[in-house]
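User: Could you help me read this structure? I would like to go through it step by step.
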Amino acid sequence: MSPVFVHNANNALGAVSRRHFLAGGGLLLAFAQAPRVHAEAARSALSNSLKPDTPTTLGGLVRIGTDNQISLIVPNIEMGQGIYTTEAMMIAEELEVALEAITVLTALPQEVSDISPAFLKSLSTGGSKSVRKGWIPLRQAGASARLMLLAAAAEKWNLPQQSLYAENGIISDVSGRYHAPYGDFALDAARQHVPEHIPLKPPAEWKFIGHSCPRVDIPAKVTGKAIFGIDVRVPGMVFAAVMGPPVLGASVDSLDTNITKAIPGVLDVLHNDGMIAVVAKNYWTARKGLDALKIKWNQGPNATLSSEDIRNIIRDAAHSIPAVVARDDAGTDLALKSGKNIEQAYQLPFLAHAPMEPANTTLHVRADGCDVWMGTQVPTRARKAVAKITGLPEEKIAIHNYMIGGSFGRRLATDFLEQATKFACKISAPVKFIWSREEDIRQDLFRPAYYDRMRASLDADGLPLAWCHHVSGPSVVDRFAPGGLPAGKLDSDAVEGAVQTPYELPRMRVTWTRVQTPVPVSWWRGVGPAHNVYVVESFMDELAAEAQTDPIEYRVRLLQKNPRSVAVLKRVMQESQWGTALPAGTGRGVALHNAFGTHCAVVTEVAVPQGGPIMIKRVTAVVDCGIAINQDTLIAQMEGGLLFGFTAALYGEITIKNGQVEQTNFHNHRLMRINETPLIDVHIINSGEEPGGIGEVGTTSAFPALGNALYNATGKRYRSYPFNQIDL
């Protein structure tokens, strides 16, 4: 069985009252990594919270009720990556309960108290950090609860605590005379001191960690009971369809609403900052009303802008605007003069997120408060954004966070929530805002386009004496940092994966040129490494070819101080049958990276018939992410991440014509089809190191492994994508 998953039961929409888990009798425990003074304050607050009907919220929580119900409020949101299951496994491991005994709830910002550990002060899910941040605190929470239960049982039975043990939610003594479920001790355990020393189980005793466990969220998704943001229903709710300007930066010049307002069921037409919303009794009426509007747009300065213009802007800036230095090793200039120089440039396009669930949010703004129902990766940030627009204090704003139907970084931004909040301030009823698929793509915040210049000096053996990487492109951090990124400051995301490579490169210089374009940008699955690893690994392959050396052998020569990367390369070489003969027009390509705390090597095999299309035949991935908590989830994330990356590499380019995003739906923003899906083999190396991230590892690997495979299949080097548009 899977753990029970109760989603957002805090409001009238949930089948089970969240109050059931936060109030009444039982043990309610904050994550154990809180400072000692906070832990004692938590204990006092917890004792007081045991009064009936007095809900208490203390950050990420473990609760054991007198009815033996066990719940975990996790700090991260489920968006398909399986994090609820992984985090439930960690707590169940140390709590000594069956996995199916865990009920999973989502942490909400209005429930994070002052005594929460620092990593819960701002709730967010992204950057493949969930397991890395929760690895110690989540297990300590389970272990602390177990120790407090044992202490309570020892007092009740007047036995030494050392003579008791916990197993499968039951406390027993070694003589076999006593045994009782956790719930019998929950009230007394809540009054115990939080242990100062919290020993954790050694790996040899793990029952869940390192194995494969069924996903907690799958049953509800299969039966249709799972609730996503777009599924929300609130009594008295109305609907709004939203439209943004067709041209980047355009504004409304005039708006004729007569036909729209005459449509039965249409309630109002609103516009603000170039955005238009039609409010109606149901969504399809709102869409009909939106289509009937007569709008004259002031197209602004970008009416003739094209993708070619933007490429030229970014490329020219790389040669004319002073760069910000990210790394500059001494002796680089001299080394560049000492060997054979190789120089190349790579161009990367804008990419859209295009998740299955388009942008949506439901709001009810009132004079005394505001409720927001949505799926967001950043509920704390969302709450602050709503407070700023409405003028309400944050404590008057409740974020009800739901499972997300795919995000890929899109819901790290709050732009669509901010747009909806401005409209909702003018509407007295709860209102659900939905951006159509077309609007979701056209109004996206895109992965930046980049122009990268690479230069290396090679010694007589073809190995680098110096390595230079210059990145040019827009800043993602500028949009998200309070007040924007100051001039002359480095956007660390822009160079992530360029400054830190797996290789021992004797002298490195990494620089970044910030280029402003009219296209709005944001983080995209794989963030900086998805861009920079493509460039680094493509150029590394070019150097191997220049040295007339096998690409894997060439990499191994530069990895003498990185045994984990050597291990994944040698394993992928074996599993992919690297070096065996292939038919004409077929090739293999390799990619290596150490991003998100994980070491990964991927070999992609492609066939390229004369004239195309490109066919990805087989993919072999070897992953060392340290301790693989849920192996099944790890494999699924690698498979999904690779396919997501291949889709972008083959078809994903966002193009601009006459200031407009040309792609509107999946007919011209193509995804890989089932018949195009290759055989994917994922192999796990358990190095025993602390866990690394996994959600973005496959995506980051896909681009260079495919590009390098195309070179080996065709003999031609392609330094930009989408690859399906190249001349085969």
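User: Which residue in E12 does Val-266 stand opposite?
Analyst: Val-266 stands opposite Ala-280 in E12. Strand E11 (residues 266-272) and strand E12 (residues 275-280) run antiparallel and are joined by 6 bridges; two strands pair if DSSP finds at least two bridges between them. Strands (E, at least two residues) and helices (H or I, at least four) are DSSP runs, numbered from the N terminus. This is a predicted model, in which local features need pLDDT of at least 70 and side-chain atom pairs count only at pLDDT 80 or more, while totals for chains, interfaces and linings use all residues. Residues are numbered from 1 along each chain as its sequence is written, and side-chain values use heavy atoms, with hydrogens and water left out.

User: And the turn, which residue there has a positive phi?
Analyst: Asp-273 does, at about 55°, in a hairpin with 2 residues between E11 and E12.

User: New topic: how many aromatic pairs are there?
Analyst: The whole structure holds 15 aromatic pairs. Rings of Phe, Tyr and Trp (its six-membered ring) pair if their centres lie within 6.5 Å; planes under 30 degrees apart count as stacked, over 60 as edge-to-face and the rest as tilted. Trp-135 and Trp-206 form an edge-to-face pair, 5.9 Å centre to centre with 85° between the planes.

User: Is Trp-135 buried or exposed?
Analyst: Trp-135 counts as buried because its relative accessibility is 4%. Buried means under 20% relative accessible area, exposed over 50%, and partly exposed in between (1.4 Å probe, protein chains only). Trp-206 is also buried, at 14%.
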